[in-house]
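This report describes the fold, the strand pairing and the core of the protein shown below. Selected residues are then treated one at a time.

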Amino acid sequence: SSEGFSHFQVKVSDSGQLLEPQEFVVPGNQTVLDVLGLITGIGYEVSVTGVSGNGLQSRPITTVAVT
């Protein structure tokens with residue numbers, strides 16, 4: 001919508017799926033999220049889904065990053 005997303009769902013999981021995924025709900029007006037407890041040298045998949053005020057979800061945007 002023209003008003004943007006009410007919030008975002010962020011999921012962070014290690015590429016080897018050895019650790020429990022971390023999930024966050026971030027307000028729609030927030031542009032930064034600090035994720036703590038990541039292990040150096042491990043790849044992580046980060047997925048972000050926008051959620052509108054009426055509950056409709058966008059397709060997730062996913063990327064992989066190495067710490």
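## Overall fold

Among contacts in the protein between residues at least 6 apart in sequence, 42% join residues at least 24 apart, where contact means heavy atoms within 4.5 Å. The model is a predicted one, in which local features need pLDDT of at least 70 and side-chain atom pairs count only at pLDDT 80 or more, while totals for chains, interfaces and linings use all residues. Residues are numbered from 1 along each chain as its sequence is written, and side-chain values use heavy atoms, with hydrogens and water left out.

The secondary structure comprises zero helices and four strands, and the elements follow the order β-β-β-β from the N terminus on. Both kinds of element are DSSP runs numbered from the N terminus: helices are H or I with at least four residues, strands are E with at least two. Taken along the principal axes, the C-alpha atoms fill a box of roughly 40 × 20 × 15 Å.

The protein exposes about 5,000 Å², of which carbon and sulfur atoms supply 54%. Accessible areas come from the Shrake-Rupley method with a 1.4 Å probe, and for residues only the protein chains shown count as cover. Of the 67 residues in the protein, 19% are buried. Here buried means under 20% relative accessible area, exposed means over 50%, and partly exposed lies in between (1.4 Å probe, protein chains only).

## The sheet

The four strands form an open sheet in the order S2-S1-S3-S4, with antiparallel pairing. Strands S2 (22-27) and S4 are the edge strands, each pairing on one side only. From one strand to the next, the twist averages 20°; the axes are lines fitted to C-alpha atoms, for helices over the stretch in contact, and angles run from 0 to 180 degrees between N-to-C directions. Two strands are taken to pair if DSSP finds at least two bridges between them. In general, strands of a sheet pair through backbone hydrogen bonds, either parallel or antiparallel.

| Strand pair | Bridges | Sense | Opposite residues |
|---|---|---|---|
| S1 and S2 | six bridges | antiparallel | Val 10 and Phe 24 |
| S1 and S3 | eight bridges | antiparallel | His 7 and Val 51 |
| S3 and S4 | six bridges | antiparallel | Ser 47 and Thr 62 |

In residue numbers, S1 covers residues 7-14, S3 covers residues 43-51 and S4 covers residues 61-66.

## The nonpolar core

Which residues form the largest nonpolar core? This core has five residues, namely Phe 8, Val 10, Val 12, Val 26 and Tyr 44. Strand S1 gives the most to this core, with three residues. A nonpolar core is a set of buried Ala, Val, Leu, Ile, Met, Phe, Trp, Tyr and Cys residues joined through side-chain atoms within 4.5 Å. As a general rule, side chains in a regular strand alternate between the two faces of the sheet.

Val 10 lies in strand S1 and is buried because its relative accessible area is 10%. Not counting residues up to four places away in sequence, Val 10 touches Gln 22, Glu 23, Phe 24, Val 26, Leu 33, Val 46, Ser 47 and Val 48. Val 10 and Gly 55 are 45 residues apart in sequence, and their C-alpha atoms are 15 Å apart in space. With the same exclusion of residues up to four places away in sequence, Val 26 touches His 7, Phe 8, Val 10 and Leu 33.

## Residues in loops and in S3

Leu 33 is found in the loop between S2 and S3. Leu 33 counts as partly exposed because its relative accessibility is 32%. Its contacts, not counting residues up to four places away in sequence, are Val 10, Phe 24 and Val 26.

Beyond four places away in sequence, Thr 49 touches His 7, Phe 8, Gln 9, Gln 57, Ser 58 and Pro 60.

Gln 17 belongs to the loop between S1 and S2 and is exposed, with a relative accessible area of 68%. The phi of Gln 17 is near 50°, a positive value in a residue other than glycine. Most residues other than glycine have a negative phi.
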